[in-house]
Amino acid sequence: MSFLDSLLVRLNETHLQKESVPLLSSLRQHVVALVDWLVDLLSANKSAWLLNWVRQLLVLTGLHIGHEVSVSILKHLIVKEPCQRLAALFADVHSRFESQFPHVLDDVVDSLMTSLGMSCQLHSRVSS
């Protein structure tokens, strides 16, 4: 196991124990850059190992920091130029976030609609 793989395992263990992970917390301001890097790696068919590592780091960051960052990650992924591999990546990341933050996709859509100047409250429609 490489150093980076060991680091991810340790970060995951620490996150699961609900301890503060300063590295993950500090990545909040770099989420968009990490999403862009992930999409670039995917588009360029770069190393599957590095692609998976960055994906896992993004997921751990979203789970650790919380719902708002998870919405931001998904929002930035969904607006990228679509391709089958990106759709699969989005579905994987979404499923990881949805287990921790129910209705996270509704919040992504709400956020995108708000960005477009449209109002949409999916939670209230689904709940009522």
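Me: Let's start with Arg28: what does its relative accessibility count as?

Reply: The cut-offs are under 20% relative accessible area for buried, over 50% for exposed, and partly exposed in between (1.4 Å probe, protein chains only). Arg28 comes out at 42%, so it counts as partly exposed. Bear in mind that this is a predicted model, where local features need pLDDT of at least 70, side-chain atom pairs count only at pLDDT 80 or more, and totals for chains, interfaces and linings use all residues. Residues are numbered from 1 along each chain as its sequence is written, and side-chain values use heavy atoms, with hydrogens and water left out.

Me: Which side chain does Arg28 meet in a salt bridge?

Reply: The general idea first: side chains of opposite charge can pair when their charged atoms come close. The rule here asks for a side-chain nitrogen of Lys or Arg within 4 Å of a carboxyl oxygen of Asp or Glu. Arg28 pairs with Glu68, at 4.0 Å from N to O. Arg28 sits in the loop between helix 2 (22-26) and helix 3 (31-43), and Glu68 in helix 5 (residues 67-78), so the pair ties together parts 40 residues apart in sequence. Helices here are DSSP runs (H or I, at least four residues), numbered from the N terminus. Glu68 is exposed, at 61%.

Me: How many salt bridges does the rule give?

Reply: Three. One of them joins Lys80 to Asp36, with the closest N and O atoms 2.5 Å apart. Lys80 is in the loop between helix 5 and helix 6 (84-100) and Asp36 in helix 3, so this pair links parts 44 residues apart in sequence. Lys80 is partly exposed at 24%, and Asp36 is partly exposed at 28%.

Another is Asp92 with Arg55, at 3.1 Å between the closest N and O atoms. Asp92 belongs to helix 6 and Arg55 to helix 4 (residues 48-65), so parts 37 residues apart in sequence are tied together.

Note on methods
Helix = DSSP H or I, 4+ residues; strand = E, 2+ residues; numbered from the N terminus.
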